[in-house]
Amino acid sequence: MNTHLKLSNVTKIYPGCVANDNISLEFKSGKIYALLGENGAGKSTLVKILSGVVIPDEGKIVLNNKIIKLNSPIDAKKNKIGMVFQHFNLFETLSVFENLIIDSGENIENLREKILSIMKKYNFSIDLDIPVLNLSAGQKQKVEIIRCLIRNPEVLIMDEPTSVLTEQETSELFSSLRQFSLEGILIIYITHKLKEVMSLCDEVAVMRKGKLVSVSKILDEKIETLANKMVGQNLKTVKKKVSKNQSINQLIKISNINFHSEDPFETNLENINFEVNRGECFGIAGISGNGQSELFQILSGEIISQNNSIILNDNPIGNLNPQERREFLMAFSPEDRMEQAAIPQMKIFENVALNNFKSSNFFNKGLIDEKKIKEHSQKILSDFSVNTNNVELKSQFLSGGNLQKLIIGRELITSPDLLICFNPTWGLDVGAINYIHETLIKINEQNKSIILISTDTDELLKLSDKISVIHKGKLSKLMNADEVTSEKLGILMGGGEID
Amino acid sequence: MPMKLLLKNLEYLWEEEKLIKIVKRDQPSRAIFFLTPILAIFLTLVAGGLIFFILGFKPFEALKFFFIVPIADMYGFSELLLKATPLCLIAIGLSFCFKSNNWNIGAEGQLTFGAIVSGGVALLFYNQEGFYILPIVILAGAIGGMLYASIPAILKTYFNTNEILVSLMLVYVSKLILDYLVVGPWSNPEGFNFPETRQFSDSARLPILFDGLRIHAGIFLALASVIISWFIFYKTYLGFQMKVSGFSLKTAKYAGYKGKKMIILVFLISGACAGLAGVGEITGPIGQLHREVSPDYGFTAIIVAFLGRLHPVGIIFASLVVAITYLGAETAQIFMQIPKYTGQVFQGMILFFLLASDYLLFFKIKFIGAKK
């Protein structure tokens, strides 16, 4: 087989975001291609376009010198493009064989033989007659792969295939993929894991914020160069001046936090230790999905830990919930503005009431004091220059930047000692980003502290006094901002070591 | 292979964009929010008329027998209020659960258990008179309902069970307990082995409001529940927390609301309301315990709660509308020899059309095929 797949000028625009901005890419069989990028970089949209799930606004897809239209997954299958999604599409209670019959397009007698021969060829061993729910994640993935192989695909797309696999299963998957590639199947491998790209793929395309950043041969790349391409690098950024009177007045101490999750899509945390002093901004860098969200939840109290593992101002607060932690002057700004930090369907003043202190008296003897909340909201709107003064407005009518200003304002107006924020400028325009950055610098100047978890390296280099990198749930050693370079961060984010 | 076809079609609808594109509306208008229940009722009447037509009746006449004749006189109107009372009371309780993302499907069981406990207390006093008896009986019913609702709540909070399954299955448990009691230990010793208890004493009965009609003081309990729930929903911290939890459990967690406490609280409130509805039935029109204390009021109230948009005032209207289907079914059985289960058909259709029109409320449907 000699497959040649070409995307030219593919663009897909969602309301408020350009998911794919004029992407042109070329793939040829015999090679394994990596499509690398962070969450939200647009790689999922691109493969959804290739598998017919999403229809692009503009652009052409050319397969073997023929323009093809992919209006549905069925069109993709007809054109021999197979796709294995990150989340399996299997009926858990049906047997493996029954799952494969569905939509196979073959008659049942031939099908079993065909499956058996595929399994023999690639050395898969799965009992076809047991229910899918008894299979391990790796085996389920093999079932998905077999489902694609039944149709003799020319192109096989794997979307983040290793996120639920063990090391052993991962290496098995890699050797299968190499075998497919040798047989002429064109493989497109989507991931944000740099090591996998280095060990498996031949060529790599990097995407960032909807744009194609680079296409290159793996031999020409190193983990850190890829990491920098992925998260963006702009060394011209002015760094915040590191405060001269480096106080050693410790505010918060995190010790020995371990977190183990049953959910395979969550990351386990291992032995997290750090301290933050007053007036400091502690930055936590890393590629998304390395435990940031779990760490944020532990710091905010959404996940409770041992009482002594978090000490704030000499008070153990590890087993307090977020509301109780707020009483100790902590504030939180989660990553997800629309689903967690605020409720779009609620009015501005109602969203303000989510951050409720005893002293704020929003709720007097269990009753809502609407007047007080509205006054307080009014103050936030003007102090943090949100572009409305109507506290009755539903929050969904605020732009992302204004909503984030509202959230940061809500968290800061009570002048907390410590603000913990997670990707505070994610998806915002430049003006809003600058405003948030200035605000964060200002609170450091007021001798308040920040823990900034961010996947944006520029932001971290600009704002942090100390930086540590999180990789696979482990924190790297602490570095002072003046000794950090984006190169070093790149190595650490990819799981490498520095001295 | 129809199954295969079906799956293929499902595949189209599965992901966000296919031939038919379904787009979320930015903002469902508040007017439409309260108009869709009326649309649902209208569609139910149309579909109902069609069913009558297929069965060989004149649609308009049949609908008249179903929806107008039953409430044309004073007696009929009082019967309407009689049926609406438990529906309203239970639906108010359920709206506490539903508003906060807790799916209590077992109000029928909580009603039954409330009836059992209050009935047991009433039987203790069967040969006594006194003003104190009725309050004790009412309180016992509320507590019974709360106890029974606390089972799914506690299992959910501490063992992560699914409250839908647990609360639903407990309905059948409570009905069997009631069955056992009225046949066995509590059956009337002078009752010739009929499956029923003694009559309660007059002091254990809710007062009748008008001579000759069956409407009883239980309606005040329902009205009180409407006012109290309105106050809690819109004026209190608890109501605010329920609202936040209903929109996003993640936000509720982030705000630090004590999720477990709230789950238990809303189940207790819901159970108390269902229990009171049970008390209203046995101390009102029935006056004793027997096998059928409720014609599935607990299940029907789920429809009422949603038809009323989980809003206290909406629930009043919804309970009246749904109560007609009970009466209409009886009239239709008498005058047209249609099985009374037609009432349930109508209840089902109301919910069906409500859900269907809600879908259009939150989503727009675009046909991509037309674009080409």
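Helices are DSSP runs of H or I that span at least four residues, and they are numbered from the N terminus. In the predicted model described here, B:Met169 lies in one such run, helix α7 of chain B, which covers residues 163-183. B:Met169 has 13 C-beta neighbours inside 10 Å and therefore counts as partly exposed, since that class falls between the exposed limit of 12 or fewer and the buried limit of 20 or more. The C-alpha atom of B:Met169 is 9.2 Å from that of B:Ile105, although the two residues are 64 apart along the chain.

Chain B as a whole contains 14 helices and two strands. Of its 372 residues, 47% are buried. When contacts in chain B between residues at least 6 apart in sequence are considered, 77% of them join residues at least 24 apart.

Helix α8 (residues 218-235) and helix α11 (residues 259-286) of chain B have axes that come within 10 Å and cross at roughly 165°. Because angles over 145 degrees count as roughly antiparallel, α8(B) is roughly antiparallel to α11(B). The crossing of these two helices, α8(B) and α11(B), is left-handed. On the α8(B) side, the contact involves B:Gly218, B:Leu221 and B:Ser225; on the α11(B) side, it involves B:Cys273, B:Leu276, B:Gly280 and B:Gly284. By class, the residues of this contact comprise three nonpolar, four polar and no charged.

Chain A is divided into two parts, domain 1 (4-221) and domain 2 (250-493). The centres of domain 1 and domain 2 of chain A, taken over C-alpha atoms, are separated by 36 Å. Contact between these domains of chain A involves six residues of domain 1 and six residues of domain 2. On the side of domain 1 of chain A that touches domain 2 of chain A, two residues are nonpolar, three are polar and one is charged.

The two chains also touch each other. Their contact takes 28 residues from chain A and 23 residues from chain B. Within chain A, the elements α10 (322-326), α11 (337-341) and β18 (367-368) each supply at least two residues of the side that touches chain B. The residues on that side of chain A consist of 16 nonpolar, eight polar and four charged.

Technical notes. Residues numbered from 1 in each chain as written. Chains lettered and ligands numbered in written order. Predicted model: local features only at pLDDT ≥ 70, side-chain atom pairs only at ≥ 80, totals over all residues. Axes fitted to C-alpha atoms, helices over the stretch in contact; angles between N-to-C directions. Parallel < 35°, antiparallel > 145°, perpendicular 65-115°, else oblique. Left-handed = near helix turned anticlockwise from the far one by under 90°. Contact = placed C-beta atoms within 7 Å. Nonpolar A, V, L, I, M, F, W, Y, C, P; charged D, E, K, R; others polar. Domains from an automatic or database assignment.
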